[in-house]
Amino acid sequence: MSENKTIQQKMDELDKISEWFQGEDFELEEAKGMLERAAELSKEIEHDLKTITNDIKEVKKSFKTD
Amino acid sequence: MTPRFSVGDFIAVTNQAFENIYPAVEIEGEVASFKVNQGKYVFFDLKDAEGSVNCFMMVYQLRVPIEDGMKVVVSAAPKLTQWGKFSLTVKSVQPSGEGSLKKSFELLKAKLAQEGLFALERKRPLPQLPEKIAVISSMQAAGYADFVKIINDRWGGLDVQVANVTVQGSEAPDQIIRALRYFNTTDDQPEIIVIIRGGGSADDLSAFNDELLVREIAASRVPVITGIGHEVDESLSDLAADVQASTPSNVAQIIVPDKREIIANVRATVSEILPSVEAFVARLKDRVQGALDRNIELAESRVKYTEENYTRLKKMLYELSPDRVLERGYALLRGGDLNVGSIVSIETAGNIIKARIESNERK
């Protein structure tokens, strides 16, 4: 699992896995593990996007004229 | 009893009376005899059909360009000078009426464009997936509500800091400038600064044509995106920003992607992996089959060669066999010694003959 990663980090990792499958470093022996990781990341990203909300806060400072 | 003053006291009492009567006053009129002395002092007359008053202000207080003939509203304090001249000490000037607003806008636009503040080379791209953004807006404004709705609908996990400022009137430019300075100097610096305001009249939006504000936006270290007014509105703040969106909602659409599109893309990425593995396996299978086919072909060729060799050798051996020699007319002589009178056995292809040796001479 990768709970501590941001959505962006998870998407970057998924992109790297996708590139690995298309690239020269591809090894059939590792493919199963990589495919499982890609599926896991996809689920996590989807879950994050559907559940994480934005944290909107007002700055505790007045910008009015002194 | 009629009051009696010294001249100085009279001037002081008069000014005190002005302060009491007009603690703050706005006067609308047309600018005439506009001039700047020593690069610091601004003098002009404010007039209408009924009269004219002298005006004085410092050049740094003049936040929008003005020139003779423009209709303006001045915020000022009436004052009697020590030389007995009546004048208005002006705190701020705002163009008034569509014509003057447009004229002022064009004058400042030309000036700042000349300085390169709107140059495309200055524009910086926004980060693709920001995590920390700053918003400068009135939190009561409809435009702000639109922005929040769209951004919450499209994306999650954002840290959004909002500077609640007024976005209309003479106070607005300074408040926005302070908010810009705050976000540019805070330890927790945002990746993008968003300046938004919903639609309004040209006068409502004129705060965003303030020269100091436009310069502050251009000087911001953090990239700035603006969404001010409606699609048709254009302010000098928009021109100085790194990215100009048409509305507050459009700002939200530009700075974050739509999570529904991202989910679809992520699903597509994963679903495209399996076919690529299958294609790899198919290529591997083809290579193995090819190698196998080549080896079988080679083995068959070797077997055939060996068979042909065997047949040739067999034929050669057959040709060399004694029976085949006898068939060609030769005879095989068998016997003990070859002395005259000895009996020998002679074998031909068809017969075995016993014969006595009559003579035996060397060749």
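Hi everyone, let me start with one residue pair: Lys57(A) stands opposite Gln161(B) in β7(B). Before I go on, please keep in mind that this is a predicted model.

That pair belongs to a link between the two chains. Strand β1 of chain A, residues 55-58, is joined to β7(B) by four bridges, and the two strands run parallel. So what sheet do they belong to, and in what order do its strands come? We have an open sheet of six strands, paired in parallel, and reading across it goes β1(A)-β7(B)-β6(B)-β8(B)-β9(B)-β10(B). Which strands stand at the edges? Those are β1 of chain A and β10 of chain B, residues 243-245; each has a single partner strand, so one side of each has no neighbour in the sheet. From one strand to the next, the twist averages 20 degrees.

α3(B) lies across β1 of chain A together with β6 and β8 of chain B, and runs at about 135 degrees to β8(B).

Now let's zoom out to the whole contact between the chains. On the chain B side 33 residues take part, in contact with 30 residues of chain A. Where on chain B do they come from? At least two residues each are supplied by α3 (142-154), β7 (159-164), α4 (172-185) and α9 (259-320). The most comes from α9(B), which gives eleven residues. If you sort the chain B side by class, you get 18 nonpolar, eight polar and seven charged residues.

Let me turn to chain A and its helix pair. Helix α1, residues 7-22, packs with helix α2, residues 28-51, at an angle of about 150 degrees, and the axes are 10 Å apart. Who meets whom? From α1(A) the residues include Leu14(A), Ile17(A), Trp20(A) and Phe21(A), and from α2(A) they include Met34(A), Leu41(A), Ile45(A) and Leu49(A). There are charged names in the list too, among them Lys10(A) and Glu13(A) in α1(A), and Arg37(A) and Asp48(A) in α2(A). By class, this contact has eleven nonpolar, one polar and five charged residues.

One last stop, back in chain B: Lys91(B), which sits in strand β5, residues 86-95. Buried, exposed or in between? With 15 other C-beta atoms within 10 Å, Lys91(B) is partly exposed. Beyond its neighbours within four places in sequence, Lys91(B) is in contact with Gln61(B), Ser75(B) and Ala76(B). Leu62(B) is worth a look as well: 29 residues separate Leu62(B) from Lys91(B) in sequence, while their C-alpha atoms are 8.3 Å apart in space.

If you'd like one thing to look at on screen, go back to β1(A) beside β7(B), where a strand from chain A joins a sheet with strands from chain B. Thanks, everyone!

Conventions
Residues numbered from 1 in each chain as written. Chains lettered and ligands numbered in written order. Predicted model: local features only at pLDDT ≥ 70, side-chain atom pairs only at ≥ 80, totals over all residues. Axes fitted to C-alpha atoms, helices over the stretch in contact; angles between N-to-C directions. Contact = placed C-beta atoms within 7 Å. Pairing = 2+ DSSP bridges. Buried ≥ 20, exposed ≤ 12 C-beta atoms within 10 Å, placed from the backbone.
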